[in-house]
Amino acid sequence: MSADKNSFYVNENALCESQDIGSNTRIWGFTHVMKGAKIGSHCNVGEHVFIENAAVIGNGCTIKNGVAVWNKVVLEDDVFIGPYAVFTNDLVPRSFMKRGEESFLKTVVKQGASIGANATLVCGVTVGEYAMVGAGAVVCKDVPAHSLVVGNPGRIIGKICFCGKLLDLKQWCSTCECFLYKNSKEFAISKITRLEEATGT
Ligand SMILES: CC(C)(COP(=O)(O)OP(=O)(O)OC[C@H]1O[C@@H](n2cnc3c(N)ncnc32)[C@H](O)[C@@H]1OP(=O)(O)O)[C@@H](O)C(=O)NCCC(=O)NCCS
Ligand SMILES: [Zn+2]
């Protein structure tokens with residue numbers, strides 16, 4: 001990660017105390033990034049976001065408005081966090097008992113996964129690679145790779161492609177025209193790009 005302040009953008013209304021921010025990352029207004037927080041390259045951090053000092057954010061992540069990324073939260077590369085999604089780090093909080101951060105639980109969002117708007121991740125969970133959490137879901141268990149979880153409590157309702165399309169029972173994507181086991185992020189991107197060019201969108 002780069003320490004070159006000129007290689008990333010910080011809006012004049014943001015407070016960015018960290019230097020551990022990668023190139024081409026943009027940090028928008030009324031966002032506070034604490035000293036020590038790590039953010040990779042090519043990230044887009046929206047407005048009214050808070051990133052705590054020991055939070056770790058990979059490359060290519062999108063964090064929409066109103067999200068707090070606390071200590072013990074790790075976002076791997078290409079993760080999408082929808083607006084007002086909620087992370088937690090203390091499983092049994094008590095205002096009158098001050099427990100150290102050692103007792104806090106880690107939350108990991110693995111590569112390429114997406115968290116819908118207003119979803120809540122109860123701490124201690126791992127959201128697997130390219131999984132998707134629906135808007136408003138409450139995730140209290142680990143989510144396997146490529147799984148789609150919705151509701152409260154969050155339940156797996158299917159498998160999802162790299163492109164975001166729900167797969168059929170044979171794990172075939174009708175958009176990519178490919179089985180999941182043969183598919184890849186790169187193939188899905190090229191397929192979607194070709195489809196958009198063909199339809200002029
Ligand atoms: C979960 C999601 C990805 C599913 O989209 P989809 O693949 O088009 O699936 P469908 O809309 O066909 O929904 C499949 C089923 O899940 C239900 N469902 C969809 N989204 C849901 C949600 N967020 N919570 C609960 N149930 C949901 C549907 O009602 C449907 O149920 P049914 O089969 O009983 O009719 C999508 O609805 C969603 O929540 N996306 C996140 C949007 C978001 O937060 N974006 C942030 C950036 S702005
Ligand atoms: Zn697909």
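**Reading strands, loops and a ligand shell**

Colleague: In which sense do strand β14 (residues 107-109) and β17 pair, and over how many bridges?

Modeller: The pairing of β14 and β17 is parallel, over two bridges. Strands of a sheet pair through backbone hydrogen bonds, and the sense is either parallel or antiparallel. Pairing here requires at least two bridges found by DSSP between the strands. Strands are DSSP runs of E, at least two residues long; helices are runs of H or I, at least four; each kind is numbered from the N terminus. Within this pair, Val109 has Val127 in β17 as its bridge partner.

Colleague: What should I know about the model and its numbering?

Modeller: The model is predicted: local features need pLDDT of at least 70, side-chain atom pairs count only at pLDDT 80 or more, and totals for chains, interfaces and linings use all residues. Residues are numbered from 1 along each chain as its sequence is written, while chains are lettered from A and ligands numbered from 1 in the order in which they are written.

Colleague: Which open sheet has the order that ends in β17?

Modeller: That is a sheet of five strands, ordered β5-β8-β11-β14-β17, with parallel pairing. Its edges are β5 (38-39) and β17, and each of these pairs on one side only.

Colleague: Which strands form the open sheet with mixed pairing?

Modeller: Nine strands do, in the order β1-β3-β6-β9-β12-β15-β18-β20-β21. At the edges stand β1 (9-10) and β21; each has a single partner strand, so one side of each is left without a neighbour in the sheet.

Colleague: How do I read "mixed" strand by strand?

Modeller: Take the pairs in turn. Strand β9 (residues 62-63) runs parallel to β12 (residues 80-81), with two bridges. There, Thr62 is partnered by Phe80. Strand β18 (residues 132-133) is also joined by two bridges to β20 (residues 147-150), again in parallel. The pair of β20 and β21 (residues 155-159) is antiparallel and has four bridges.

Colleague: What is found between β20 and β21?

Modeller: The two strands form a hairpin with four residues between them, and Gly151 takes a positive phi near 90° there. Pro153 also lies in this loop. A cis peptide bond joins Asn152 to Pro153, with omega about -5°.

Colleague: Which residues surround ligand 1?

Modeller: A residue counts as near a molecule or strand when its C-beta atom, placed from the backbone, lies within 6 Å of it. The shell includes Met132, Leu148 and Gly151. Gly82, Gly116, Ala117, Gly134, Ala135, Gly136, Val150, Ile157 and Leu166 belong to the shell too. By class, it has seven nonpolar, five polar and no charged residues. Nonpolar means Ala, Val, Leu, Ile, Met, Phe, Trp, Tyr, Cys and Pro; charged means Asp, Glu, Lys and Arg; the others, Gly among them, are polar.

Colleague: Is Tyr130 buried or exposed?

Modeller: Tyr130 is buried, because 24 other C-beta atoms lie within 10 Å. The cut-offs are 20 or more other C-beta atoms within 10 Å for buried, 12 or fewer for exposed, and partly exposed in between, with C-beta atoms placed from the backbone. Tyr130 has a positive phi of about 60° although it is not a glycine. The residue sits in the loop between β17 (126-127) and β18.

Colleague: And Glu177, buried or exposed?

Modeller: Glu177 has 10 C-beta neighbours inside 10 Å, so it counts as exposed. Its phi is positive, about 50°, and it is not a glycine. Glu177 lies in the loop between β22 (172-173) and β23 (178-179).

Colleague: How is the chain divided into domains?

Modeller: Domain bounds come from an automatic or database domain assignment. Here they give domain 1 (5-167) and domain 2 (168-201). Their C-alpha centres are 26 Å apart. A contact means C-beta atoms, placed from the backbone, within 7 Å. Eight residues of domain 1 are in contact with 13 residues of domain 2. The domain 1 side has four nonpolar, two polar and two charged residues.

Colleague: What does the secondary structure of the chain come to?

Modeller: One helix and 23 strands. Of the 201 residues, 34% count as buried.

Key. Contact = placed C-beta atoms within 7 Å.
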